[in-house]
Amino acid sequence: QVQLAESGGGLVQAGGSLRLSCAASGFPFSSYAMGWFRQAPGKEREFVGGISYNGGYIYYPDSVKGRFTISRDNAKDTVYLQMDDLKPEDTAAYYCRAIHLWGSDYSLQFDSWGQGTRVTVSS
């Protein structure tokens with residue numbers, strides 16, 4: 001059973017930083033790319049970046065490039081999202097997911113979302 005547990009969210013002022021974690025289980029974590037997604041109230045879920053199975057390739061969309069950093073620790077089955085210079089528009093629930101990643105495209109793997117972790121950025 002695939003399980004994803006996101007943590008690390010909270011309330012932060014604009015310009016601040018947060019580090020999110022996602023602990024995965026139930027699948028061979030080190031064999032899969034991982035993606036981070038976010039969903040703001042009333043908006044569609046947005047892809048905020050992905051990391052290849054070994055960390056050798058990382059993709060960020062323009063909306064977060066230069067501010068967000070994705071990393072992973074395959075020994076801990078955990079993927080991280082370091083978020084710096086946060087903006088009010090980054091306010092959302094953040095989720096991780098196993099993906100197939102190629103270039104800027106991805107496909108979701110396994111039919112499982114975690115509970116997410118909420119990030120609120122005040123102006």
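Start by selecting C96: this cysteine is buried, with a relative accessible area of 0%. Keep in mind as you go that you are looking at a predicted model.

Show the side chains, and you will find a disulfide joining C22 to C96, with an S to S distance of 1.7 Å. C22 sits in strand β3 (residues 18-25) and C96 in strand β9 (residues 92-102), so the bond ties together parts that are 74 residues apart in sequence. How many disulfides does the count come to? The count is one.

Next, select A93, which lies in strand β9. A93 is buried, with a relative accessible area of 5%. Which residues does A93 touch, leaving out those up to four places away in sequence? Display F37, R38, Q39, T117 and R118 to see them.

From A93, move to G10. The two are 83 residues apart along the chain, and their C-alpha atoms are separated by 10 Å. G10 belongs to strand β2 (residues 10-13). Is G10 buried or partly exposed? With a relative accessible area of 24%, G10 is partly exposed. Setting aside neighbours within four places in sequence, G10 is in contact with L18, R118, V119 and T120.

For a last stop, draw a distance from G10 to Y60. These residues are 50 apart along the chain, and 22 Å separates their C-alpha atoms.

Note on methods
Residues are numbered from 1 along each chain as its sequence is written. This is a predicted model: local features need pLDDT of at least 70, side-chain atom pairs count only at pLDDT 80 or more; totals for chains, interfaces and linings use all residues. Side-chain values use heavy atoms; hydrogens and water are left out. A disulfide is a pair of cysteine sulfur atoms within 2.5 Å. Helices (H or I, at least four residues) and strands (E, at least two) are DSSP runs, numbered from the N terminus. Buried means under 20% relative accessible area, exposed over 50%, partly exposed in between (1.4 Å probe, protein chains only). Contact means heavy atoms within 4.5 Å.
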